[in-house]
Amino acid sequence: MSALRDLADTATAYKNQYEAGLMTFEEFQELVEDLHIQDNIDRISSELESDERLHEVLMGVVKLSGILL
Amino acid sequence: MGQGTKESQSIKLYQYIDIKPLVFISMLILSGCGLFVANYDTTEYYLVNHIRTQAMIGNCSKENVDTIYKTSTELVNFTQYLPRNEPTHEMAQNLHIIVDELRKRESPGVTYCKNKLNIISTSAEEIQRVVGKKPK
């Protein structure tokens, strides 16, 4: 949720810069498109982290049970 | 007669040397050495960190952008054929797309270029965070 808010804030900053004439429309468009890629990286990283957390939980249970893998 | 005495002496010697503490100490030393080996992929981590740092401190010069592009290409290639590494490779590819867009642009505006370097740095930081936690 926080990552999404960050992306929204960044998009607003781009819009303001474009409206202030600091960027061409083409540049503005490309930067907004990059936000989608950034969002994608955030998604993959959070998926990997949830895998890691799941692994830690499982290892914790295995350790507690005294089973040797 | 003499040989028999030697054998009985060596048997007696083994009786006095307790081998268990030696085995325990050896295991301790070996596991201790393991503590100093990173459990994440240091090459991946180094490459992502290099991209992030170059994007953070570097300017929009062609030389700097080319350096980032070269390291980004290395990262994509390095992550490609490692087993169970598809998500990292996908992230590396995504980052490379952004870097490539900047490199391809003929004369980028200052605002655009700064934003682009900021995106590269933020994305690389996110990848670095994940690579640092990911076991080898």
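1. Helix axes here are lines fitted to C-alpha atoms over the stretch in contact, with angles taken from 0 to 180 degrees between N-to-C directions. On that basis, the axes of helix 3 and helix 4 of chain B come within 9 Å and cross at roughly 160°. Angles over 145 degrees count as roughly antiparallel, so helix 3 of chain B is roughly antiparallel to helix 4 of chain B. The model is a predicted one.

2. The crossing of helix 3 of chain B with helix 4 of chain B is left-handed. Helix 3 of chain B contributes B:T43, B:E44, B:L47, B:V48, B:H50, B:I51, B:Q54 and B:A55 to the contact. From helix 4 of chain B come B:N64, B:T67, B:I68, B:T71, B:S72, B:E74, B:L75, B:F78 and B:T79. By class, this contact holds seven nonpolar, eight polar and two charged residues.

3. Helix 4 of chain B also pairs with helix 5 of chain B. Their axes come within 9 Å and cross at roughly 160°. Helix 4 and helix 5 of chain B are therefore roughly antiparallel. Their crossing is left-handed. On the helix 4 side of chain B, the contact residues include B:V65, B:I68, B:Y69, B:S72, B:L75 and B:V76. On the helix 5 side of chain B, they include B:A92, B:L95, B:H96, B:V99 and B:L102. The class count for this contact is nine nonpolar, eight polar and three charged residues.

4. Now the overall make-up of the chains. Chain B has six helices and zero strands. Its elements run α-α-α-α-α-α from the N terminus. Chain A has two helices and zero strands. In chain B, 28% of the 136 residues are buried. In chain A, 13% of the 69 residues count as buried. Among chain B contacts between residues at least 6 apart in sequence, 68% join residues at least 24 apart.

5. Next, the core. The largest nonpolar core has 26 residues, and B:V48, B:I51, B:L95, B:I120, B:A124 and B:I127 touch the most other members. Two or more residues each come from helix 2 (25–65) of chain A and from helix 3 (42–57), helix 4 (62–80), helix 5 (86–104) and helix 6 (110–133) of chain B. Helix 6 of chain B gives the most, with nine residues. In soluble globular proteins, nonpolar side chains tend to be buried together.

6. Neighbours within four places in sequence aside, B:I51 is in contact with B:I68, B:T71, B:S72, B:L75, B:I120 and B:A124. B:I51 is also among the residues through which helix 3 of chain B meets helix 4 of chain B.

7. Finally, the interface. How many residues of chain A are in contact with chain B? There are 20, and they are in contact with 20 residues of chain B. On the chain A side, helix 1 (2–19) and helix 2 of chain A are the elements giving two or more residues. Helix 2 of chain A supplies the largest share, 15 residues. By class, the side of chain A that touches chain B has eight nonpolar, five polar and seven charged residues.

Notes: Residues are numbered from 1 along each chain as its sequence is written. Chains are lettered from A and ligands numbered from 1 in the order in which they are written. This is a predicted model: local features need pLDDT of at least 70, side-chain atom pairs count only at pLDDT 80 or more; totals for chains, interfaces and linings use all residues. A nonpolar core is a set of buried Ala, Val, Leu, Ile, Met, Phe, Trp, Tyr and Cys residues joined through C-beta atoms within 7 Å. A residue is buried if 20 or more other C-beta atoms lie within 10 Å of its own, exposed if 12 or fewer, and partly exposed in between; C-beta atoms are placed from the backbone. Helices (H or I, at least four residues) and strands (E, at least two) are DSSP runs, numbered from the N terminus. Two residues are in contact if their C-beta atoms, placed from the backbone, lie within 7 Å. Angles under 35 degrees count as roughly parallel, over 145 as roughly antiparallel, 65 to 115 as roughly perpendicular and the rest as oblique. A crossing is left-handed if the near helix is turned anticlockwise from the far one by less than a right angle, and right-handed if clockwise. Ala, Val, Leu, Ile, Met, Phe, Trp, Tyr, Cys and Pro count as nonpolar, Asp, Glu, Lys and Arg as charged, and the others, Gly among them, as polar.
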